[in-house]
Amino acid sequence: MKLLLVEDNERVARFVKKGLSEAGHTVDHAENGRDGMVYAVSEPYDAIVMDRMLPGGIDGLAIIEALRQQGNRVPILILSALDGVDDRIRGLRAGGDDYLTKPFAFGELLARLDALLRRSQSQAVETVMTLGDLSVDMLAHRVTRAGKPVALQPREFKLLTYLLRHANQVVTRTMLLENVWDYHFDPQTNVIDVHISKLRQKIDAGFSTALLRTVRNAGYMLTDQP
């Protein structure tokens, strides 16, 4: 699994990252709230381990609340030295899925994280995905917008479903190349631009609200938000 660790304590971060890597996970680490926010909104993660108290002007709960407001449902395990009942309640109500107090045993952290990942995977089996009036039937490979059928080519369908799985998030060109075209390098072609243009014509033309948007110098976003 691809995980994000947001933890400013160097010793704790090194300990957790080493353990997670030995358990077979890929781990990105941010040591302050600002970098943690950038990582969290720009990359798709299977789960996040989030410290509450962080330098950088943004604390852990603010990051969690921002992600939830964007519709990002990534499982989040909160780490904190704040162990009061009210502290745990606030963390969970902010959008955390579990709360582990410091000091902690790594085995417990790993077990809690595995449980979150299992729960997320069981909930992730979807046959129909929707965003606003856009609907995608994964089994039938059927796409409709406002009830009207939208005919897509196989690559366009794969592109749309990837964007839909990351709705309300910025999806970079690199993410699309790796996950839609299976390229692990940039072929320096306009293949993405061509397919994005065709997909936009098919799902947005004739509708007052454009769902597929270009985010300047960042990538693309599928969203029904203003």
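Residues are numbered from 1 along each chain as its sequence is written. Because the model is predicted, local features need pLDDT of at least 70 and side-chain atom pairs count only at pLDDT 80 or more, whereas totals for chains, interfaces and linings use all residues; side-chain values use heavy atoms, with hydrogens and water left out.

**The aromatic cluster**

Begin by selecting Phe15, Phe104 and Phe106, which form one aromatic cluster. Rings of Phe, Tyr and Trp (its six-membered ring) pair if their centres lie within 6.5 Å; planes under 30 degrees apart count as stacked, over 60 as edge-to-face and the rest as tilted. The count by this rule comes to two aromatic pairs. Phe15 and Phe104 form a tilted pair, at 6.4 Å centre to centre and 45° between the planes. This pair links distant parts of the chain: Phe15 is in helix 1, while Phe104, 89 residues apart from it, is in the loop between strand 5 (98-101) and helix 5. Helices (H or I, at least four residues) and strands (E, at least two) are DSSP runs, numbered from the N terminus.

Turn next to Phe15 and Phe106, whose ring centres are 5.9 Å apart with planes at 75°, so the pair is edge-to-face. Phe106 is in helix 5, 91 residues apart from Phe15 in helix 1.

Which of these rings are buried? Phe104 is, with a relative accessible area of 17%, and Phe106 is buried as well, at 17%. Phe15 counts as partly exposed at 43% relative accessibility. Here buried means under 20% relative accessible area, exposed over 50%, and partly exposed in between (1.4 Å probe, protein chains only).

**A cis peptide bond**

Select Lys102 and Pro103, which are joined by a cis peptide bond with omega of about -5°. Pro103 is found in the loop between strand 5 and helix 5.

**His25 and its contacts**

Move to His25, in the loop between helix 1 (10-22) and strand 2 (26-30). His25 is buried, with a relative accessible area of 13%. Its side chain reaches the backbone nitrogen of Met1 at 3.4 Å. Show also Met1, Leu3, Leu20, Leu110, Asp114 and Leu117, with which His25 is in contact, leaving aside its neighbours within four places in sequence. Contact means heavy atoms within 4.5 Å.

**Two positive phi angles**

Select His141, in the loop between strand 7 (134-137) and strand 8 (142-145). His141 has a positive phi of about 55° although it is not a glycine, and it is exposed, with a relative accessible area of 55%.

Continue to Ala146, in the loop between strand 8 and strand 9 (148-150). Phi of Ala146 is near 55°, a positive value in a residue other than glycine. Ala146 is partly exposed, with a relative accessible area of 47%.

**The second largest pocket**

Finally, select Lys2, Glu43, Pro44, Tyr162, Thr172, Thr174, Met175, Glu178 and Asn179, which line the second largest pocket. On a 1 Å grid over the protein atoms alone, a pocket is an open set of points where a 1.4 Å probe fits, with protein on both sides within 12 Å along at least five of seven lines; lining residues have an atom within 4 Å of a point. Which helix gives the largest share of the lining of this pocket? Helix 7 (residues 173-179) does, with four residues.

How values were computed. A polar contact is a pair of N or O atoms within 3.5 Å; within protein, one must be able to donate a hydrogen and the other to accept it, and residues adjacent in sequence count only if both atoms are side-chain atoms.
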